[in-house]
Amino acid sequence: MIQRIQTIYLLVIAIIMTIPLYVPIAQLLIPNDASYNFFTYGVVLIGENSVLQAHYWALLIMNIFTIGVPLVNVFLFKKRFLQLRLCIVEIILLIGAIILMWYHINQFADKMNAEILYKFSLILPVICIIFTYLAIRGILKDIKLLKSFDRIR
């Protein structure tokens with residue numbers, strides 16, 4: 001249901017997690033050589049010929065799941081305990097995405113002896129964790145409200 005606040009939070013999470021697909025997470029600068037942009041799908045050479053240098057399928061799949069789980073969660077508004085579990089799964093996926101991003105950036109930088117310039121989009125999973133926590137609080141309020149209605153009957 002769109003009128004519930006946790007639905008808005010879950011939609012915001014899905015929108016925010018699409019940003020790293022289009023905006024670089026980090027920029028890798030190699031002294032006296034080319035520069036690279038690190039996206040969730042791989043590393044792209046900066047220049048007139050933007051060439052994909054490396055694929056990171058695990059990170060891309062993790063990012064797709066972090067987009068998909070909140071969208072599925074929106075349509076489970078009648079199954080609130082399942083929504084809670086999926087929110088916890090979303091937090092775990094977001095933490096995993098942060099770790100994978102950091103690991104792959106540092107691995108590629110060490111291999112190329114590059115300097116890392118982290119971008120704002122590296123912080124986006126942390127913002128999504130906060131929104132997921134807020135969605136959990138909204139779901140718990142709904143559960144508490146429904147239990148209070150059961151007591152009245």
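Q: What makes the reach of helix α1 (residues 5–22) close to the one expected?
A: Welcome to this predicted model! Helix α1 has 18 residues and spans 27 Å from its first C-alpha to its last. At 1.5 Å a residue, 26 Å would be expected, and the expected span uses one less than the number of residues. The two values are close.

Q: Which residues of α1 are called buried?
A: The buried ones are Q6, T7, Y9, L10, I13, A14, I16, M17, P20 and L21.

Q: What makes β1 (residues 26–29) and β2 partners, and how do they run?
A: Four bridges join strand β1 to β2. Pairing needs at least two bridges, so these strands count as a pair. They run antiparallel, and Q27 stands opposite N37 in β2. The two strands form a hairpin with five residues between them. In that turn, N32 has a positive phi of about 60°.

Q: How do you know that β2 pairs with strand β3 (residues 42–45)?
A: Three bridges join β2 to β3, and the rule asks for at least two, so the strands pair. They too run antiparallel, and a hairpin joins them through three residues. N37 stands opposite V44 in β3.

Q: Which way do the residues of strand β2 (residues 35–38) point?
A: S35 and N37 point one way, and Y36 and F38 the other way. All of them are buried.

Q: Why is the pair of Y36 and F108 called edge-to-face?
A: A search of the whole structure finds four aromatic pairs, and this is one of them. The ring centres are 5.6 Å apart, inside the 6.5 Å limit for a pair. The planes stand at 80°, which is over the 60 degrees needed, so the pair is edge-to-face. Y36 sits in strand β2 and F108 in helix α3 (residues 80–112), so the pair links parts of the chain 72 residues apart. Both residues are buried because their relative accessibility is under 20%: Y36 has 7% and F108 has 4%.

Q: What makes the aromatic pair of Y9 and F131 tilted?
A: The angle between the planes is 40°. Stacked pairs need under 30 degrees and edge-to-face pairs over 60, so this pair falls among the rest, the tilted ones. The rings are 5.9 Å apart, centre to centre. Y9 lies in helix α1 and F131 in helix α4 (residues 124–152), so the pair ties together parts that are 122 residues apart in sequence.

Q: How do you know whether Q27 is buried or exposed?
A: Q27, in strand β1, has 17% relative accessibility. That is under 20%, so Q27 counts as buried.

Q: What makes the meeting of the Q27 and K119 side chains a polar contact?
A: The distance is 3.4 Å, and the limit is 3.5 Å, so the pair qualifies. Leaving out residues up to four places away in sequence, Q27 also touches S35, Y36, N37, I46, E115, I116 and L117.

Q: Why is R4 said to form a salt bridge with D142?
A: The closest N and O atoms are 2.8 Å apart. The bridge links R4, in the segment before α1, with D142 in helix α4, 138 residues apart. R4 is buried at 11% relative accessible area, and D142 is buried at 18%.

Q: What makes the phi of N113 worth a look?
A: Most residues other than glycine have a negative phi. N113 is not a glycine, yet its phi is near 55°, a positive value. N113 lies in the loop between α3 and β5 (115–118). At 63% relative accessibility, N113 is over 50% and so counts as exposed.

Methods:
Residues numbered from 1 in each chain as written. Predicted model: local features only at pLDDT ≥ 70, side-chain atom pairs only at ≥ 80, totals over all residues. Heavy atoms only, no water. Buried < 20%, exposed > 50% of the residue type's maximum accessible area, 1.4 Å probe, protein only. Phe/Tyr/Trp six-rings, centres within 6.5 Å; stacked < 30°, edge-to-face > 60°. Polar contact = N/O pair within 3.5 Å; in protein donor to acceptor, adjacent residues only side chain to side chain. Contact = heavy atoms within 4.5 Å. Salt bridge = Lys/Arg side-chain N within 4 Å of Asp/Glu carboxyl O.
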